[in-house]
Amino acid sequence: MTGSRRDDDRYLFLEALISAQSKLYISYIGRSIQDNSERFPSVLVQELVDYIGQSHYLPGDEERNCDESEQRVKAHITCFHSRMPFDPVNYTASERQSYAQEWLPAAKKEGSAHTDFIQELDPRPVDTLTFEQLQRFWAHPVRAFFQQRLQVNFRSEESEIPDAEPFTLEGLERYQLNLQLLNALVEEEDADKLYRRYRAAGQLPYGAFGEIVWEAQCQEMTALAERVRECRQPGKSIEIDLNCNGVQLTGWLTQVQPDGLLRWRPSMLSVSQGLQLWLEHLVYSADGYKGESRIFVRKEGEWRFPPMESEQALRYLSLYIEGYRQGMNKPLLLLPESGGPG
């Protein structure tokens with residue numbers, strides 16, 4: 001007859017108890033290293049402690065009730081050690097006193113504290129800045145700090161081929177499809193041609209599932225494209241050459257209409273989109289143009305910024321350039337997905 005795993009563990013634990021000649025020492029981790037919460041021993045150790053507490057009593061506890069006697073026995077046989085070797089408690093006179101000299105200065109607080117791990121870097125002069133760099137920075141300041149200042153790039157590992165056949169499009173794949181579809185509808189191009197290309201490339205779910213996905217995206221993107229076409233006018237690109245806060249800001253602003261800026265994205269309304277449009281609006285207004293800036297997104301969402309005087313736009317823009325300076329010296333906290341800058 002084959003015993004259970006639990007019975008095997010009990011037998012091995014019993015063998016360890018019987019093998020002890022004069023003393024038995026059992027240890028376990030009593031506190032979590034993450035949050036210092038209490039951790040309990042294994043069931044076998046806990047049962048042994050309970051048995052000893054219920055079967056024995058300390059001298060002088062003959063008249064105590066069972067519960068009090070049990071707790072006193074458990075406290076007598078259990079020793080709680082400090083979590084750190086340099087805890088001053090370890091050097092108090094007792095049978096468990098530590099004699100490790102290397103930790104004594106720390107226990108007596110004679111050592112010098114280390115500096116903070118995260119420290120601001122030496123300021124780096126910024127004389128010229130492209131508008132694209134400024135946009136990339138405010139899209140993700142921490143990533144820009146690592147890439148532009150520390151020259152560190154994080155690349156996601158290539159995902160493995162999925163085991164299951166996809167029946168829908170998720171995340172980035174759906175966004176890329178919607179972006180091409182939306183641009184085609186705005187330009188009044190043939191959407192069926194784009195569908196055939198996606199289906200031939202295997203970028204849609206197979207068979208009827210692919211048709212269902214495509215029709216659903218077409219319906220939503222068509223409504224968004226109609227909103228864009230109602231406001232769209234012929235646009236041009238203007239060159240950016242502004243002196244703001246001691247920095248020469250250069251670059252290009254594309255698709256500038258006579259009545260302002262018009263942008264569109266096949267995604268939900270977000271603070272990051274509004275921030276990018278706001279930066280474009282500041283540059284557009286600082287260059288002396290008078291117009292409204294808009295971005296249309298899914299579910300009837302939109303950002304709008306009214307016309308602004310050039311001097312006021314330059315004042316606002318200087319704050320973002322100063323933020324860029326600070327963000328190149330230390331990571332700048334920005335939480336666009338949870339409401340905006342912190």
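The structure is a predicted model, in which local features need pLDDT of at least 70, side-chain atom pairs count only at pLDDT 80 or more, and totals for chains, interfaces and linings use all residues. Residues are numbered from 1 along each chain as its sequence is written, and side-chain values use heavy atoms, with hydrogens and water left out.

**The whole chain**

Display the chain as a cartoon. There are 11 helices and 8 strands to find; these are DSSP runs numbered from the N terminus, with helices (H or I) of at least four residues and strands (E) of at least two. The radius of gyration is 34 Å, well over the 20 Å that the globule rule gives for 342 residues, so the chain is more spread out than a compact globule. This radius is taken over C-alpha atoms, and the rule is 2.2 Å times the number of residues to the power 0.38. Along the principal axes, the C-alpha atoms fill a box of roughly 95 × 60 × 35 Å.

**The nonpolar cores**

Next, select Phe131, Leu134, Trp138, Leu249, Leu253 and Leu317. In the largest nonpolar core, which has 36 residues, these touch the most other members. Such a core is a set of buried Ala, Val, Leu, Ile, Met, Phe, Trp, Tyr and Cys residues joined through side-chain atoms within 4.5 Å; buried means under 20% relative accessible area, with a 1.4 Å probe and protein chains only. Now colour the elements that give two or more residues to this core: helix 5 (131-139), strand 2 (236-244), strand 3 (247-257), helix 10 (271-286) and helix 11 (310-327). Helix 10 gives the most, with 8 residues.

Apart from this core lies another, of 19 residues; Leu181, Leu204, Leu224 and Trp264 are among them.

Return to Leu253. Leaving aside neighbours within four places in sequence, its contacts include Phe131, Ile238, Leu261, Glu280 and Tyr284.

**Tyr324**

Finally, select Tyr324 in helix 11. Is Tyr324 buried or exposed? Tyr324 is buried, with a relative accessible area of 2%. Show its surroundings: not counting residues up to four places away in sequence, Tyr324 touches Arg124, Val126, Leu129, Gln133, Leu134, Phe137, Trp138 and Gln148. To end the tour, draw a distance from Tyr324 to Ala144: the two are 180 residues apart along the chain, and their C-alpha atoms are separated by 9.5 Å.

Key:
Buried < 20%, exposed > 50% of the residue type's maximum accessible area, 1.4 Å probe, protein only. Contact = heavy atoms within 4.5 Å.
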